[in-house]
Amino acid sequence: MGGKGSGRKSSKLIAIECVLSIQMVLYQLSYHDLDSNMTRGELKEKVEEGLQKTRVAQEEIERSK
């Protein structure tokens with residue numbers, strides 16, 4: 001169940017992907033979006049997208065235990 005070759009991702013892999021996804025969102029915000037003409041609402045949407053990714057990853061990790 002969930003072993004090598006099963007096609008299922010390990011909890012560790014899901015967590016790493018989640019962290020990398022968060023880093024990408026933060027870098028995008030920090031180095032591009034905050035210096036742009038984006039409205040506060042648009043910036044909030046970007047943050048909410050990142051939060052949604054973390055929720056999905058958390059649920060996947062909890063299911064894989």
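Tutor: A helix here is a DSSP run of H or I with at least four residues, and a strand is a run of E with at least two; both are numbered from the N terminus. The model is predicted, so local features need pLDDT of at least 70 and side-chain atom pairs count only at pLDDT 80 or more, while totals for chains, interfaces and linings use all residues. Residues are numbered from 1 along each chain as its sequence is written, and side-chain values use heavy atoms, with hydrogens and water left out.

Student: How far apart in space are valine 19 and lysine 53, C-alpha to C-alpha?
Tutor: Start with the sequence. The two residues are 34 residues apart there. In space, valine 19 and lysine 53 have a C-alpha to C-alpha distance of 9.8 Å.

Student: What span is expected for H1 at 1.5 Å a residue?
Tutor: The expected span is 1.5 Å times one less than the number of residues. H1 has 21 residues, and from its first C-alpha to its last it reaches 30 Å. That is close to the expected 30 Å.

Student: How far apart are the end C-alpha atoms of H2?
Tutor: H2 has 25 residues. At 1.5 Å a residue they should span 36 Å, and the ends agree. Those C-alpha atoms are apart by 36 Å.

Student: Are H1 and H2 roughly parallel or antiparallel to each other?
Tutor: Two packed helices are described by the angle between their axes and the distance between the axes. H1 (residues 11–31) and H2 (residues 40–64) pack at about 175°, with axes 9 Å apart; axes are lines fitted to C-alpha atoms over the stretch in contact, and angles run from 0 to 180 degrees between N-to-C directions. Under 35 degrees counts as roughly parallel, over 145 as roughly antiparallel, 65 to 115 as roughly perpendicular and the rest as oblique. H1 and H2 are therefore roughly antiparallel.

Student: Which helix do the buried residues of H1 pack against?
Tutor: Ile14, Cys18, Ser21, Val25 and Leu29 are buried in H1. They cover an arc of only 70° around the axis, which puts them on the same side of H1; the arc is that of the directions from the helix axis to the C-beta atoms. The face turned away from that side carries the exposed residues Lys12, Met24, Leu26, Tyr27 and Tyr31. The buried residues of H1 pack against H2.

Student: Which residues of H2 are buried?
Tutor: Look at the cover. H1 is included in what covers the buried residues of H2. Those residues are Leu43, Gly50 and Ala57.

Student: Which residues does valine 25 touch, not counting residues up to four places away in sequence?
Tutor: Valine 25 lies in helix H1 and is buried, with a relative accessible area of 18%. Contact means heavy atoms within 4.5 Å. With that cut-off, valine 25 touches Lys46 and Gly50.

Student: Is aspartate 33 buried or exposed?
Tutor: Aspartate 33 lies in the loop between H1 and H2. Beyond four places in sequence, aspartate 33 touches Gln28, Met38, Leu43 and Lys46. Its relative accessible area is 2%, so aspartate 33 is buried.

Notes:
Buried < 20%, exposed > 50% of the residue type's maximum accessible area, 1.4 Å probe, protein only.
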